[in-house]
Amino acid sequence: MATQTETESDTGGVMMRDGAVRRIGEIAAAGFVLAIGGLLVWILATQVNYTLLSSPLIAGRFAEAFFLVIRIVAISSVLSVTFGIMVGLGRISTSPITGRIAKGYVEFFRGTPLLFQLFVIFFGIPRLWATGQFPFENWAVPAAIIGLTLNHAAYVGEAVRGGIDAVPDGQMEAARSLGMSRVMALREVVLPQAWRNALAAIGNDQIILVKDTSLLTVIAVPEIMSVFRNINSNQLDPWTPLVWVCVLYLAITMSMSQLVNGLERRSDWGSDSSMFGRFSLSSSGGSDGGDD
Amino acid sequence: MTACGAVGLTALAGCSGDDGGDGQETITIGSDIPYPPFEYRTESGELTGFDVDIAEAVFADQLGYDYEFQETGFDGIIASLNNANFRVIMSAMTINEERAERVDFSDPYFTAYQTVLILDDGEIGELDDLRGETVGVQRGTTGEAAAESLQSDFDGELTIQSYDQITGAFDALLNNQVSAVINDNTVSGEFASENDAVVFLEGDGVAADREDAPPYLTLTIEEYGIAFRQDDDDFREEVNGALATLREEGTYDEIYNEYFSA
């Protein structure tokens with residue numbers, strides 16, 4: 001590709017013309033869609049057992065798993081965003097104690113795999129009690145919620161910090177010069193702008209949280225991947241239950257994208273706005289800073 | 001044990017491939033490890049166990065092949081065999097009709113029972129006490145199938161938690177997550193012998209009137225076989241012959257006693 005581009009530009013050839021580049025892009029995209037779409041149609045036509053796909057028994061098992069995942073996501077999502085905002089505020093604290101603790105928190109929970117954290121909570125913590133004495137009998141789901149919350153609070157915290165950092169210093173200085181305290185200036189002036197900046201990154205992280213629930217299969221939470229694995233090992237048919245898995249995850253993540261888009265629209269200051277709007281727009285790239 | 005068997009991973013280039021320098025074929029064996037005492041690693045990482053010793057005797061000593069074990073998850077092990085990821089399965093696998101539709105089994109080489117493992121000081125005294133409780137199993141095993149059949153005996157009043165590895169289910173028992181673990185007697189027995197807090201649930205089970213019945217409740221009687229792809233009949237016959245020889249020569253009993261005496 002590189003050599004082709006060079007030779008074309010040497011002769012001032014096809015890659016120099018906007019229309020031609022556009023057409024090449026269209027052909028590549030269409031070719032991609034045809035190849036993938038063809039494969040999909042072929043799989044749906046030859047590999048999927050539609051009697052099994054529509055059997056009420058399987059639908060019921062997937063539905064149960066689906067609603068369990070939604071419950072886990074809803075709770076973990078609210079908790080991780082709440083806790084993450086606290087972590088983000090801790091990161092910008094003027095106190096070195098708070099700042100370092102928040103930094104250490106982020107480094108640990110972002111720096112170790114979620115699977116490790118889930119094992120610590122599910123297999124490790126109960127071992128601190130004597131055999132059979134651990135007081136919580138159905139620990140898998142609480143362990144899952146705790147693990148997802150602690151892990152994603154670290155990412156949300158970084159998104160919030162990035163959002164705050166992207167608000168120009170002049171905003172804080174101006175508010176302070178009007179006699180506001182630092183806390184009041186943050187609350188009234190900086191955070192509303194930071195929220196707008198951080199929203200995309202937070203939404204991104206929450207969609208990853210949904211997909212991270214698939215790891216819960218290894219701590220015996222009967223979630224969507226677990227149902228897939230049970231059906232696949234009984235029926236020895238991967239493609240049929242995979243169709244269910246795909247549809248169910250997309251149903252959650254696509255609704256969440258819509259929700260995030262709606263929130264972003266609502267928090268957009270619009271065209272009639274003053275300098276705030278322009279500042280936040282021009283610096284909104286900063287919100288990606290917290291999204292690793 | 002051959003060097004390849006001792007190391008046991010296909011990643012080692014020297015061991016993989018069907019045409020080694022001496023023209024000797026390497027048999028790759030799919031197995032869900034750890035499942036002590038059938039296949040597990042010692043503290044130094046060496047692969048050992050009943051299946052491993054039987055494989056050594058059958059494939060290396062009797063038939064003169066090289067062999068190597070490949071670790072794989074149990075719930076996808078039949079699909080992996082049919083996708084040609086390995087030649088045979090030796091993974092304490094129970095012969096049943098469902099599986100026999102997808103693979104061919106060797107002659108049985110081990111008899112096992114599904115049993116119920118509980119906490120010694122727990123609240124379960126008989127099978128019926130499990131009604132409304134939670135049991136732990138390993139995903140895709142006949143222990144899971146036995147739990148499902150118990151679930152329907154209880155009109156659905158039984159929750160089943162399926163773990164990736166049997167060790168996860170044992171952990172869950174110790175951690176008060178499940179009231180019992182339903183699994184093969186030998187593997188559960190190995191765990192019970194290492195941990196005083198757990199015991200077998202007692203009672204008369206399906207094996208009660210058998211001569212060699214174990215002294216605890218048995219849910220099912222099962223036989224293990226080596227699984228082959230369905231187009232591998234010649235090789236399967238070869239292995240069946242070797243298994244028979246092992247029994248005649250007494251090697252089988254030697255290996256059996258090493259792992260299951262008393």
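Which handedness, left-handed or right-handed, does the crossing of helix 4 of chain A and helix 5 of chain A have? The structure at hand is a predicted model, and the crossing of these two helices in it is left-handed. Helix 4 of chain A spans residues 56-91 and helix 5 of chain A spans residues 96-111, and the two pack at an angle of about 130° with their axes 7 Å apart. Because the limits for roughly perpendicular and roughly antiparallel are set at 115 and 145 degrees, that angle makes helix 4 of chain A oblique to helix 5 of chain A. On the side of helix 4, Val87(A), Gly90(A) and Arg91(A) take part, and they meet a set of residues in helix 5 of chain A that includes Thr98(A), Gly99(A), Ile101(A) and Tyr105(A). Sorted by class, this contact of helix 4 with helix 5 has five nonpolar, three polar and two charged residues.

Helix 8 of chain A, residues 169-177, and helix 9 of chain A, residues 182-212, have axes that come within 10 Å and cross at roughly 160°. Since angles over 145 degrees count as roughly antiparallel, helix 8 of chain A is roughly antiparallel to helix 9 of chain A. The crossing of helix 8 and helix 9 of chain A is right-handed. Helix 8 contributes Gln171(A), Met172(A), Ala175(A) and Arg176(A) to the contact, while helix 9 contributes Ala185(A), Glu188(A), Val189(A), Val190(A) and Gln193(A). By class, the residues of this contact are five nonpolar, two polar and two charged.

These pairs belong to a chain with 12 helices and zero strands. Of the 292 residues in chain A, buried residues make up 32%. Among the contacts in chain A with a separation of 6 or more, 77% are accounted for by residues 24 or more positions apart. Beyond helix 9, in the loop between helix 9 and helix 10 of chain A, lies Ala220(A), whose phi is near 65°, a positive value in a residue other than glycine. Ala220(A) has 24 C-beta neighbours inside 10 Å and therefore counts as buried.

Thr94(B) sits in the loop between strand 5 (88-89) and helix 4 (97-100) of chain B, and it is buried because 21 other C-beta atoms lie within 10 Å. Leaving aside residues up to four places away in sequence, Thr94(B) touches Ala112(B), Thr142(B), Glu222(B), Glu223(B) and Tyr224(B). Thr94(B) and Ile221(B) are 127 residues apart in sequence, and their C-alpha atoms are 9.6 Å apart in space.

Is Pro215(B) buried or exposed? Pro215(B) is placed in the loop between strand 11 (198-200) and strand 12 (220-224) of chain B, and with 7 C-beta neighbours inside 10 Å it counts as exposed. Its C-alpha atom is separated by 7.3 Å from that of Glu202(B), 13 residues apart along the chain. Ala84(B), in the loop between helix 3 (77-82) and strand 5 of chain B, has a positive phi near 65°, and Ala84(B) is exposed, with 9 other C-beta atoms within 10 Å.

One joins Ile33(B) and Pro34(B), with omega about 5°, and another joins Pro36(B) and Pro37(B), with omega about 5°.

Notes
Residues numbered from 1 in each chain as written. Chains lettered and ligands numbered in written order. Predicted model: local features only at pLDDT ≥ 70, side-chain atom pairs only at ≥ 80, totals over all residues. Axes fitted to C-alpha atoms, helices over the stretch in contact; angles between N-to-C directions. Helix = DSSP H or I, 4+ residues; strand = E, 2+ residues; numbered from the N terminus. Parallel < 35°, antiparallel > 145°, perpendicular 65-115°, else oblique. Left-handed = near helix turned anticlockwise from the far one by under 90°. Contact = placed C-beta atoms within 7 Å. Nonpolar A, V, L, I, M, F, W, Y, C, P; charged D, E, K, R; others polar. Buried ≥ 20, exposed ≤ 12 C-beta atoms within 10 Å, placed from the backbone.
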